[in-house]
Amino acid sequence: MLRKTFFLAFASVTLAVTSGVAAAQPAAKAKTAGLSPTCAAKAPVREFLIATGEWDTVPKNKEGKPAAYNDRGRARAANSKLERYTFDPSMIIVKKGDCVVLHIHSVKGDRHNLTIEGTEIGSEGAAIIDDSFKPTGAKAVARANPNAYEGPEKLKSGEFVRGEQVTLRFQANQAGTYRMICEVHTFIGAKGELKGYDDKGKPVQGPMVAYVTVLP
Amino acid sequence: MQRDGGRTEVARALVARGAQDPAQLRRIAAVASAVAVLSLTVVLMGWMLAQVAEHPGVPRELGELPHWFAGEPAMRGARERVPAPATAEHGHQAGVAIAAIKPGTPAARTAEKTDAAEGDYTEFRGGQVEIALKEYEMVPNKIRVKPGAVTFVLRNEGRFAHNFHVEGPGVEAHAEKFSPGRTVRLEVTLQEGDYKISCPLSNHDQRGMHGTLVVTSKLAGT
């Protein structure tokens, strides 16, 4: 009677759950480490657009007048700007084996560069692309600053300026969270601490960091 | 399929019993389809649970972060990495050869190092100069060496990729960018004089990744 229907339903549920769980078993750990600059031909491409942004403020007292303040344990004089550059989005999530393409548009800040900690992935020599992601022919190498009106006359390798968009491409080989850092606006301590002030106490408008999380 | 099977069987059983009431048949069919929908829902839920188990992207309880989430995978990888296969790369000018070497090799077997011989200078006599690169310094950063062919053995002990640039009388050479945990070699022929060594990447130089290389035939120990 109906018992058979129930039995069939129960059997299919059991089957579905078992097969699902079996499929969910984590894949064997890969031996290759980190991120590699070349993608396998079959790797699925994940593309992300990132803008460089900025938070800033000049702390004021209740009367609306600039006041001296404290930033992360450092005394700052009145009228000094508290600022920090950001990546937006600052969290990129991909799966292991993906070919990751990051297009980074420099909006705030006269120039930035980019390196992913522990890897050789960075903006040195990265291609500069236009609005349709086509290479303009320019590369983020040591060169004359096209925005010399606001920044230094010469750019170092890896630096790209306001209005430029660079593209990075790498394959994610190992699961984990990688820190993507703009070194112009970050000072890294001996143990990897990301600091907003350099070793001379000068603010570097940072740390400017984003995280690339590779799911296993 | 399973629903049809159930229905046929139920109908057959009813016919065998001599039940002819269409209302009763319809009621039983309704119950059977309800059961089918329910079981389908349960199957879907099972599948969804399996999906969630596969991708625990959002840790649901504090303190139960998946092992891969909070670590420093790249750094660990770099530190424990098996020696990279030796690959020859091209130098940027004549007289410069770059080759990746095995990080495990105690490269300095031939180099005779004399620390604090004179001032803060470190002297290398074997024609091989070992330098560790990290943020943001070179260790050692004051070096004395004899003129002639000099091999720089450069270890990246930092967290970022680095490079090595040497500039002085008649020479301007650099290696290829290399990632943490790797060691590369740079061979240059140097004549007497003062050279500047630095990391040309980003702002590493101005943050302190530079040093002085004095090439002289009069080393303190000789």
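## A walk through a two-chain predicted model

N79(A) lies in the loop between β4 (74-76) and β5 of chain A. Strands here are DSSP runs of E with at least two residues, helices are runs of H or I with at least four, and both are numbered from the N terminus. This is a predicted model, in which local features need pLDDT of at least 70, side-chain atom pairs count only at pLDDT 80 or more, and totals for chains, interfaces and linings use all residues. Residues are numbered from 1 along each chain as its sequence is written, while chains are lettered from A and ligands numbered from 1 in the order in which they are written.

Stay with N79(A). Its phi is near 75 degrees, a positive value in a residue other than glycine. Most residues other than glycine have a negative phi, and most peptide bonds are trans. N79(A) counts as exposed because it has 12 C-beta neighbours inside 10 Å. The cut-offs are these: a residue is buried with 20 or more other C-beta atoms within 10 Å of its own, exposed with 12 or fewer, and partly exposed in between, with C-beta atoms placed from the backbone.

Now go to Q205(A), in the loop between β18 and β19 of chain A. Its phi is near 60 degrees, again a positive value in a residue other than glycine. Is Q205(A) buried or exposed? Q205(A) is buried, because 20 other C-beta atoms lie within 10 Å.

P207(A) is found in the loop between β18 (194-195) and β19 of chain A. A cis peptide bond joins G206(A) to P207(A), with omega about 0 degrees. A cis bond also joins D88(A) and P89(A), and omega is about 0 degrees there. P89(A) sits in the loop between β5 (82-88) and β6 of chain A.

Next, the strands of chain A. The chain has 1 helix and 19 strands. Of its 216 residues, 32% are buried. Strands of a sheet pair through backbone hydrogen bonds, either parallel or antiparallel. In this text, two strands pair if DSSP finds at least two bridges between them.

One open sheet in chain A has 4 strands in the order β6-β19-β16-β9, with mixed pairing. Strands β6 (91-95) and β9 (115-116) of chain A stand at the edges with a single partner strand each, so one side of each is left without a neighbour in the sheet. Strand β16 (residues 176-181) of chain A runs antiparallel to strand β19 (residues 209-215) of chain A, and 6 bridges join them. Across this pair, T177(A) stands opposite T213(A) in β19(A).

V209(A) also belongs to strand β19 of chain A. It counts as partly exposed because it has 18 C-beta neighbours inside 10 Å. Which residues does V209(A) touch, not counting residues up to four places away in sequence? They are R179(A), M180(A), I181(A), T186(A) and L194(A). A contact means that two C-beta atoms, placed from the backbone, lie within 7 Å. V209(A) and S90(A) are 119 residues apart in sequence, and their C-alpha atoms are 7.2 Å apart in space.

V101(A) lies in strand β7 (residues 99-106) of chain A. With 16 C-beta neighbours inside 10 Å, V101(A) is partly exposed. V101(A) and L168(A) are 67 residues apart in sequence and 5.7 Å apart from C-alpha to C-alpha. For the whole chain, residues 24 or more positions apart account for 70% of the contacts in chain A with a separation of 6 or more.

Turn to chain B. It has 4 helices and 13 strands. Of its 222 residues, 30% count as buried. Strand β5 (residues 128-134) of chain B runs parallel to strand β8 (residues 148-156) of chain B, joined by 6 bridges. There, A132(B) has R155(B) as its bridge partner in β8(B). β8(B) also pairs in the antiparallel sense with strand β11 (residues 183-190) of chain B, over 8 bridges.

Further along, strand β9 (residues 165-168) of chain B pairs antiparallel with strand β12 (residues 193-198) of chain B over 3 bridges. β12(B) also pairs antiparallel with strand β13 (residues 210-215) of chain B, over 6 bridges. S198(B) stands opposite H210(B) in β13(B).

Finally, confidence. The pLDDT is the predictor's confidence in each residue, from 0 to 100. Chain B averages 75, and 62% of the residues score at least 70. Over residues 76-111 of chain B the pLDDT is below 50. For the complex, the predictor gives an ipTM of 0.71 and a pTM of 0.64.
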